[in-house]
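Hi everyone, thanks for coming. I have one structure to walk you through today, so let me put it up on the screen.

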Amino acid sequence: GFSWTAYYDVDDIYRYLRNVSDWWPDLTELVVGGKSYEGRQILGLRINTPSQNKSDNKPVVFIESGIHAREWITPATTTYFINQLLTSDNPNIRSLRDQFDWHIFPTVNPDGYHYSMTWDRMWRKTRSKSPGSLCFGADPNRNWDYNWLQHGATSDPCNYQTYGGSKPFSEVETKTLSEYVASLENLLAYVAFHSDAQILLVPYSDSEEHTDNYDDLIKIGKTSLEYGKKVNGEEYGGPATAAEILYKASGGSMDWVRAKLGTPIVYTYELRGTYFHWPEHRIPEQGDEVTQMMLGLF
Ligand code: 0X9
Ligand code: ZN
């Protein structure tokens, strides 16, 4: 069975999502957010509890995890959060579940994640064959079509970290996922999970520019971090823009969603860890932290 004291490969995570959609057919459905270079699906779970008035569309919350292959804690906490939404007796968590139409994707870079699990623990990128090069993979968080390759990204396909791809949306994962996100009506919030800088970021990541609702995002983000801190006493940096507390980086999903779709609430959480390592028996610790952070956000 599936637990939260071990890290699982893509097939097991997808099996979990399938099982969940079988167990709660009225509340959940499997959703396909796109596909990968090696032919995997980007599989997610939609949680949309039926409301009295069938015609009212709930605001959509999108959760992106695992865009960087080696950040294993992000798929793990995301499935933990799914389990909380579906099984918790806590009335606040139940109402959080019922309030929104959730689209939750634990592994948006499934090829990279599998490669990190089986071959190269520190792998970060996708696994596409780079045109005109012997190297593999592009950084899927440098590949989105907004100010592509401007900052913190390289055009060298052999760069292990931040190759932006041969063109914007060269990677089938970002291309198809962006189409899925763009197709969502009523998208209120887009939340991306990374590790392990232990910070909360708001757009934009590409420049010093602030969004017009920056003050609100900071205020809400602070509340989220306060909720999170109550669980384990852990302090996160931010909320702030990447330029303020990390480094500028173009082509990330967060900036594209904000700039191109105008989604009001957009955040990137960098969870905890040391060189992308986090002991598996302590997954629930960050799972509970993330659950509280989401309660603080909404
Ligand atoms: O560099 C990144 O993509 C993220 N940090 S990580 O160490 N997990 O790789 C920060 C992402 C900030 N958001 C955007 N650049 N959009
Ligand atoms: Zn990352």
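**The sheet and what surrounds it**

Let's begin with the open sheet: 8 strands with mixed pairing, in the order β1-β2-β4-β3-β5-β8-β6-β7. At the edges stand β1 (28-35) and β7 (237-241), each with a single partner strand, so one side of each has no neighbour in the sheet. From one strand to the next, the twist averages 20 degrees.

Before I go on, some housekeeping. This is a predicted model, in which local features need pLDDT of at least 70 and side-chain atom pairs count only at pLDDT 80 or more, while totals for chains, interfaces and linings use all residues. Residues are numbered from 1 along each chain as its sequence is written, and chains are lettered from A and ligands numbered from 1 in the order in which they are written. Helices (H or I, at least four residues) and strands (E, at least two) are DSSP runs, numbered from the N terminus. Two strands pair if DSSP finds at least two bridges between them.

As a reminder, strands of a sheet pair through backbone hydrogen bonds, either parallel or antiparallel. Here, β6 (residues 199-202) and β8 (residues 265-271) pair in the antiparallel sense over 3 bridges, and Ile199 stands opposite Glu270 in β8.

Now for the helices on the sheet. α1 lies across β1 and β2, running at about 145 degrees to β1. Helix α5 (residues 172-183) lies across β1, β2 and β3 (60-65), at about 135 degrees to β1. For these angles, axes are lines fitted to C-alpha atoms, for helices over the stretch in contact, and the angles run from 0 to 180 degrees between N-to-C directions. Contact, by the way, is when the C-beta atoms of two residues, placed from the backbone, lie within 7 Å.

How do α1 and α2 pack? Their axes are 12 Å apart, at an angle of about 10 degrees. That makes α1 roughly parallel to α2, a term for angles under 35 degrees. Ile13, Tyr16 and Val20 in α1 meet Pro75, Thr79, Ile82 and Leu86 in α2. By class, this contact has 6 nonpolar, 1 polar and no charged residues. Nonpolar covers Ala, Val, Leu, Ile, Met, Phe, Trp, Tyr, Cys and Pro; charged covers Asp, Glu, Lys and Arg; the others, Gly among them, are polar.

On to burial: a residue is buried if 20 or more other C-beta atoms lie within 10 Å of its own, exposed if 12 or fewer, and partly exposed in between. In α4 (residues 110-118), 7 of the 9 residues are buried, so this helix is largely enclosed by the rest of the structure. Its buried residues pack against α1 (10-23), β2 (41-47) and α2 (73-87). By contrast, Glu179, with 12 C-beta neighbours inside 10 Å, counts as exposed; its place is in helix α5. Val31 lies in strand β1 and, with 17 such neighbours, counts as partly exposed.

Last stop, the ligand. Which residues come nearest to ligand 1? Of the 14 around it, they are Asn141, His194, Ser205, Ala249 and Gly252, where "around" means a C-beta atom, placed from the backbone, within 6 Å. The shell divides into 5 nonpolar, 6 polar and 3 charged residues, with α8 (253-261) and β8 each supplying at least two.

Thanks, and I'm happy to go back over any of this.

Conventions: Angles under 35 degrees count as roughly parallel, over 145 as roughly antiparallel, 65 to 115 as roughly perpendicular and the rest as oblique.
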